Amino acid sequence: LALNGKVVHLFSDSELMVRQIKGIYKVRDRKMQALWREVKKLLAQFTQYDIICIDRRKNKEADKLANLAIDEQN
């Protein structure tokens, strides 16, 4: 959004999250519901988006970077 993009392609190795965002699965946890609503508001600002689940074995580099970012916050 900050780059004025109109289309976004999202990739995740969390099948649960992908299916929740797509509306296939219901979000039951209250804390997660708040995050889900925030994500849906953000996605609504794009003219088009897709979210794709990828195999965790193909996502090792992204997983490594995400873990580094989490470690730096602590």
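Q: Buried means under 20% relative accessible area, exposed means over 50%, and partly exposed is in between (1.4 Å probe, protein chains only). Under those cut-offs, does R57 count as buried or exposed?

A: R57 counts as exposed, because its relative accessibility is 65%. A word on the model before going on. It is predicted, so local features need pLDDT of at least 70 and side-chain atom pairs count only at pLDDT 80 or more, while totals for chains, interfaces and linings use all residues. Residues are numbered from 1 along each chain as its sequence is written, and side-chain values use heavy atoms, with hydrogens and water left out.

Q: What does R57 meet in a salt bridge?

A: A salt bridge is a side-chain nitrogen of Lys or Arg within 4 Å of a carboxyl oxygen of Asp or Glu. R57 pairs in this way with D55, at 2.6 Å from N to O. D55 is partly exposed, at 31% relative accessible area.

Q: How many salt bridges does the count come to?

A: Three. Another of them joins D13 and R56, whose closest N and O atoms are 3.9 Å apart. D13 is in the loop between β1 and α1 and R56 in the loop between β2 (48-53) and α3 (60-73), so this pair ties together parts 43 residues apart in sequence. R56 is exposed, at 55% relative accessibility.

Q: How far apart in helix α1 are R19 and E15?

A: An α-helix has 3.6 residues a turn, so residues three or four places apart point the same way. R19 and E15 are four residues apart in α1, which means about one helical turn separates them. They form a salt bridge, with the closest N and O atoms 3.0 Å apart. R19 is partly exposed at 29%, and E15 is partly exposed at 42%.

Q: What does the side chain of S12 reach?

A: A polar contact is a pair of N or O atoms within 3.5 Å; within protein, one must be able to donate a hydrogen and the other to accept it, and residues adjacent in sequence count only if both atoms are side-chain atoms. The S12 side chain reaches the backbone nitrogen of S14 at 3.0 Å. S12 lies in strand β1 and is buried, at 9% relative accessibility. At the start of α2, a side-chain oxygen of D29 comes within 3.1 Å of the backbone nitrogen of K31.

Q: Which residues line the largest pocket?

A: Rolling a probe the size of a water molecule over the atoms shows where empty space is left. On a 1 Å grid over the protein atoms alone, a pocket is an open set of points where a 1.4 Å probe fits, with protein on both sides within 12 Å along at least five of seven lines; lining residues have an atom within 4 Å of a point. Here the lining is S14, L16, M17, Q20, I21, M32, L35, W36 and V39. Helices α1 (15-22) and α2 (30-43) each supply at least two of the lining residues.

Q: Where is N4 found?

A: N4 is in the segment before β1 (7-12). N4 is exposed, with a relative accessible area of 60%. Its phi is near 60°, a positive value in a residue other than glycine.
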